Amino acid sequence: MKNRYLCSLFILISIPMNLLAQSIKNKDHFTYQVREESGDLNNDGKMDKITVKMDTVDETRPLRLQIFLSRPNGKLTLAVSSNKIIEPQYPVEKQGEFNGCQIPDFFIEKGILKMWSEIKGGNITYDFKYNNGNFELIHVNKLTNNATEGYTNENTIFTETKFDLVTGIRTETDEILGSAKPSKVRKKRVLIRPLPKIQDFKFSDKELY
């Protein structure tokens, strides 16, 4: 009887301790704000908001994008939260080294959420549009060059890729620095359905476009 009592007492004590340990483990450390932008994202005439915050406790320095939509009462409600869309500043696979890119910029233009990111040899911009409760990727614009010495010259080829995910038309245009007209244009149709949602989007997806 005594042993049963001690066992029950141990269980009662261990439950709150486990809950406390879990609470500490799951504590939100995304406290350092690095980006904030306001604008109407869902075409209701009210100001919505996006924020990007960094976890300064985790040594990889991960970043979280959050989108807040305005409700009829004027209050902002969290609609999207993603830790996957932005690459950590010091990725695990780089063994503590800086990823080499600045934190992406976000803009709201005519109801479109734009994400501008650096990539190797250029930059890429993603356009997300609010539709049926989701932010869907509708357009990608990428600019790269083939410079290998860290600078461009008269032989550098710049490639602009425009990908309209709604129509599926993907166009690549090559231009030589200083040239008056494109040297080569390639166009093809790539249909992606359903359209990618921002909450599912990963920073590594840039390789897909």
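This is a tutorial dialogue on reading a predicted protein model.

Biologist: What should I know about the model before I start?

Modeller: The model is predicted, so local features need pLDDT of at least 70, side-chain atom pairs count only at pLDDT 80 or more, and totals for chains, interfaces and linings use all residues. Residues are numbered from 1 along each chain as its sequence is written, and side-chain values use heavy atoms, with hydrogens and water left out.

Biologist: How many helices and strands are there?

Modeller: Start with the rule. Helices (H or I, at least four residues) and strands (E, at least two) are DSSP runs, numbered from the N terminus. Here the protein has 1 helix and 11 strands. Along the sequence the pattern reads α-β-β-β-β-β-β-β-β-β-β-β.

Biologist: What share of the residues is buried?

Modeller: Buried means under 20% relative accessible area, exposed means over 50%, and partly exposed lies in between (1.4 Å probe, protein chains only). By that cut-off, 34% of the 209 residues count as buried.

Biologist: What share of the contacts joins residues at least 24 apart?

Modeller: A contact means heavy atoms within 4.5 Å. Take the contacts between residues at least 6 apart in sequence: 37% of them join residues at least 24 apart.

Biologist: What is the strand order in the open sheet?

Modeller: Strands of a sheet pair through backbone hydrogen bonds, either parallel or antiparallel. Two strands count as paired if DSSP finds at least two bridges between them. In this protein an open sheet of 7 strands runs in the order 5-6-7-8-9-10-11, with antiparallel pairing. Strand 5 and strand 11 stand at the edges with a single partner strand each, so one side of each has no neighbour in the sheet. On average, neighbouring strands of this sheet are turned by 15 degrees against each other, direction ignored. The axes behind that angle are lines fitted to C-alpha atoms, for helices over the stretch in contact, and angles run from 0 to 180 degrees between N-to-C directions.

Biologist: How many bridges join strand 10 to strand 11?

Modeller: The count is 6, and the two strands run antiparallel. Ile169 stands opposite Arg189 in strand 11. On the other pairing, 8 bridges join strand 9 (residues 157-164) to strand 10, again antiparallel. There, Thr159 has Asp174 of strand 10 as its bridge partner.

Biologist: Where does Gly168 sit?

Modeller: Gly168 is in the loop between strand 9 and strand 10. Its relative accessibility is 0%, which counts as buried. With residues up to four places away left out, Gly168 touches Phe163, Lys188, Arg189, Val190 and Leu191. Gly168 and Lys188 are 20 residues apart along the chain, and their C-alpha atoms are separated by 8.2 Å.

Biologist: How many salt bridges does the rule give?

Modeller: Side chains of opposite charge can pair when their charged atoms come close. The rule asks for a side-chain nitrogen of Lys or Arg within 4 Å of a carboxyl oxygen of Asp or Glu. The count comes to 6 salt bridges. One of them pairs Arg35 with Asp105, with the closest N and O atoms 2.8 Å apart. Arg35 lies in strand 1 (residues 30-39) and Asp105 in strand 5 (residues 105-109), 70 residues apart. Both ends are partly exposed: Arg35 at 24%, Asp105 at 22%.

Biologist: Which residue pairs with Lys114?

Modeller: Asp127 does, with the closest N and O atoms 3.0 Å apart. This pair links strand 6 (residues 112-119) to strand 7 (residues 122-131), and the two residues are 13 apart. Asp127 is buried, at 10% relative accessible area.

Biologist: Which strands does the bridge between Arg186 and Glu172 tie together?

Modeller: Arg186 is in strand 11 (residues 184-189) and Glu172 in strand 10 (residues 169-176), so the bridge ties parts 14 residues apart in sequence. Its N to O distance is 2.8 Å. Arg186 is partly exposed at 31%, whereas Glu172 is buried at 18%. Shared partners join Arg170, Glu172, Asp174 and Arg186 into one network of salt bridges.
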